[in-house]
Amino acid sequence: MRNSLVIAFSITICFIAFVISKIFISILLYKRWRRKHVIYEEGYAGGKMVIFRSSVLKSLTSDVILKKTQKLNNKDIIGSGGYGVVYELKLNDSTAFAVKRLNRGTAQRDKGFERELEAMADIKHRNIVTLHGYYTAPLYNLLIYELMPNGSLDSFLHGRSKNKKVLDWPTRYRIAKGAARGISYLHHDCIPHIIHRDIKSSNILLDQNMEARVSDFGLATLMQPNETHVSTIVAGTFGYLAPEYFDTGRATAKGDVYSFGVVLLELLTGKRPSDEAFMEEGTNLVTWVKAVVQEKKEELVLDDSLESCPMQEVNKVFNIAMMCLEPDPLKRPNMAEIVNLLE
């Protein structure tokens with residue numbers, strides 16, 4: 001009996017020591033992360049400014065940044081969505097950022113804000129927009145991103161870009177590959193894995209070299225590596241949503257694949273998923289293109305602004321899009337496979 005008590009006591013002590021050591025290690029790792037990523041963290045009138053390591057922002061103070069953000073108005077708006085308004089923040093003649101303002105008001109929005117920070121803080125990839133810092137206050141939150149000078153793919157394809165430049169086929173193909181790499185990184189290389197949940201042409205931004213950068217993780221939800229889906233109330237944009245989402249209400253990696261397939265059709269046809277012509281005909285972009293591909297007449301739906309294209313490569317992208325748009329999610333490739341197919 002006494003030996004049993006001694007053994008039980010020893011096991012309890014070992015367990016307590018193990019738990020304490022895990023907590024201690026977690027604290028050390030967190031402090032190390034902050035030393036590595038955070039330049040400074042300061043409080044202002046009930047708010048807090050945190051700037052991550054950035055060679056661009058090292059020479060600026062949080063006070064300067066905050067004063068500039070407080071002067072933002074409607075003339076500075078460069079985009080908006082269901083999760084917030086995006087402004088162009090000019091700090092000086094050569095330095096500008098994109099600032100997304102998230103209005104606070106519900107616990108759900110606050111949780112979404114924290115999820116976005118957790119998802120973005122350590123993500124560094126050439127095809128993903130970088131988060132430089134954030135400001136949190138009682139009435140609103142601000143996320144500070146690098147500014148993409150060429151706007152969104154949506155603006156270029158659908159005529160709202162400032163420079164009105166027509167995208168040629170090599171540029172479109174490069175954008176498709178870059179966006180695929182970015183989404184693949186989220187799905188396969190991030191731990192926990194990340195489902196974007198709102199892949200669309202307006203969330204694919206273009207840098208100064210017209211390279212694709214995946215943006216807007218306001219709706220992103222983290223997945224544990226051994227999970228296949230997450231439950232959600234609202235996710236995605238009409239026209240890009242996978243058909244199974246309407247039955248299950250679940251956002252999945254294969255749902256992102258479907259949405260990417262719709263983006264590929266946009267690149268190929270130059271048409272929105274919600275184009276007025278489809279509404280009049282009672283169809284949509286996906287069914288319209290699928291019917292043409294089955295008859296092997298892809299040239300009939302190709303964007304008229306594309307003058308000369310290597311049809312073998314174009315047909316390959318049509319075929320990849322069809323794989324992404326399989327009604328059965330199990331038949332769709334994953335994003336790593338799509339990257340390999342495109343490259």
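Which residue does UniProt list for "binding site"? The unreviewed UniProt entry lists Lys100. The model described here is predicted.

**Lys100**
- Lys100 lies in strand E5, which spans residues 96–103.
- Its relative accessible area is 4%, and the cut-off for buried is under 20%, so Lys100 counts as buried.

**Glu146**
- Strand E7 covers residues 140–146 and contains Glu146.
- Glu146 has a relative accessible area of 18%, so this residue is also classed as buried, given the limit of under 20%.
- A polar contact of 2.6 Å joins the side chain of Glu146 to the side chain of Arg213.
- At 3.0 Å, the Glu146 side chain also reaches the backbone nitrogen of Thr130.
- With neighbours within four places in sequence left aside, the residues in contact with Glu146 are Phe97, Ala98, Ile128, Val129, Thr130, His132 and Arg213.

**Nonpolar cores**
- In soluble globular proteins, nonpolar side chains tend to be buried together.
- The largest nonpolar core in this model consists of 68 residues.
- Phe260, Leu265 and Ile338 have the most contacts inside that core.
- Leu265 touches Gly270, Leu285, Val286, Val289, Ala321, Met322 and Leu325, when residues up to four places away in sequence are not counted.

Definitions and conventions:
Residues are numbered from 1 along each chain as its sequence is written. This is a predicted model: local features need pLDDT of at least 70, side-chain atom pairs count only at pLDDT 80 or more; totals for chains, interfaces and linings use all residues. Side-chain values use heavy atoms; hydrogens and water are left out. Helices (H or I, at least four residues) and strands (E, at least two) are DSSP runs, numbered from the N terminus. Buried means under 20% relative accessible area, exposed over 50%, partly exposed in between (1.4 Å probe, protein chains only). A polar contact is a pair of N or O atoms within 3.5 Å; within protein, one must be able to donate a hydrogen and the other to accept it, and residues adjacent in sequence count only if both atoms are side-chain atoms. Contact means heavy atoms within 4.5 Å. UniProt positions are given in the numbering used here, feature names are shortened, and annotations may be inferred rather than shown by experiment. A nonpolar core is a set of buried Ala, Val, Leu, Ile, Met, Phe, Trp, Tyr and Cys residues joined through side-chain atoms within 4.5 Å.
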